[in-house]
Amino acid sequence: IFEKESARDRAVELFEGVGVQIHNEVCTLEESHYEPREVMWANLSVTPSDMRSLLFRNTLVVFGACLAWTVILYLPYAYYMSSFSYANGDEPGHFSEGLFIGLVVCSQLALFAASSFAAR
């Protein structure tokens, strides 16, 4: 990583056709199209076994969040709403509708937070 493009260009010109010897391997230099702020440097040190364990753990986090949303929030609400007999004109009140909207919004925020946590 170079602080200025001119330094990068000089290094590329200097090692053009020759390369750099690192651990008995010849590495070449070329101009990169990505700026350092666009590269997630922390992810470059993840080994395949770490990646598998992170993928498994984070899949469980998202699945667990979806399961918790279903069991804790949606099923009780669905049971409550199904207790009304819509055929006789019996409908849930405005409070129930507002509660449902609040549950949907809060659960979506919680699922976004779980997904964001899993993405790190």
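The model is predicted, so local features need pLDDT of at least 70 and side-chain atom pairs count only at pLDDT 80 or more, while totals for chains, interfaces and linings use all residues. Residues are numbered from 1 along each chain as its sequence is written, and side-chain values use heavy atoms, with hydrogens and water left out.

**Overall form**

The protein chain has three helices and two strands. Helices (H or I, at least four residues) and strands (E, at least two) are DSSP runs, numbered from the N terminus. Along the sequence, these elements follow the pattern α-β-β-α-α. The radius of gyration, taken over C-alpha atoms, is 27 Å for the protein chain, well over the 14 Å that the globule rule gives for 120 residues, so the chain is more spread out than a compact globule. That rule is 2.2 Å times the number of residues to the power 0.38. Taken along the principal axes, the C-alpha atoms fill a box of roughly 85 × 30 × 20 Å.

Buried residues make up 12% of the 120 residues in the protein chain. Here buried means under 20% relative accessible area, exposed means over 50%, and partly exposed lies in between (1.4 Å probe, protein chains only). The protein chain exposes about 10200 Å², of which carbon and sulfur atoms supply 64%. Accessible areas come from the Shrake-Rupley method with a 1.4 Å probe, and for residues only the protein chains shown count as cover. Among the contacts (heavy atoms within 4.5 Å) with a separation of 6 or more, 42% are accounted for by residues 24 or more positions apart.

**Helices H2 and H3**

Two packed helices are described by the angle between their axes and the distance between the axes. For helix H2 (residues 48-82) and helix H3 (residues 94-119), the axes come within 9 Å and cross at roughly 175 degrees. That makes H2 roughly antiparallel to H3. Axes are lines fitted to C-alpha atoms, for helices over the stretch in contact, and angles run from 0 to 180 degrees between N-to-C directions. Angles under 35 degrees count as roughly parallel, over 145 as roughly antiparallel, 65 to 115 as roughly perpendicular and the rest as oblique.

On the H2 side, the residues that meet H3 include Arg57, Val61, Ala65, Cys66, Trp69 and Tyr80. Their partners in H3 include Glu97, Phe100, Leu103, Leu111 and Phe117. By class, the contact of H2 with H3 has 15 nonpolar, four polar and two charged residues. Ala, Val, Leu, Ile, Met, Phe, Trp, Tyr, Cys and Pro count as nonpolar, Asp, Glu, Lys and Arg as charged, and the others, Gly among them, as polar.

Leucine 111 is in helix H3 and is buried, with a relative accessible area of 18%. Leaving aside residues up to four places away in sequence, leucine 111 touches Ala65 and Cys66. Proline 48 lies in helix H2 and is exposed, with a relative accessible area of 57%. Isoleucine 72 also has its place in helix H2 and counts as exposed at 60% relative accessibility.

The table gives C-alpha separations for pairs that include these residues.

| Pair | Apart in sequence | C-alpha to C-alpha |
|---|---|---|
| Leucine 111 and leucine 60 | 51 residues | 13 Å |
| Proline 48 and phenylalanine 117 | 69 residues | 20 Å |
| Isoleucine 72 and serine 115 | 43 residues | 18 Å |

**The loop between the strands**

Histidine 23 lies in the loop between strand E1 (20-22) and strand E2 (25-27). Its phi is near 50 degrees, a positive value in a residue other than glycine. At 75% relative accessibility, histidine 23 counts as exposed. Asparagine 24 lies in the loop between E1 and E2, and its phi, near 60 degrees, is a positive value in a residue other than glycine. Asparagine 24 counts as exposed at 69% relative accessibility.
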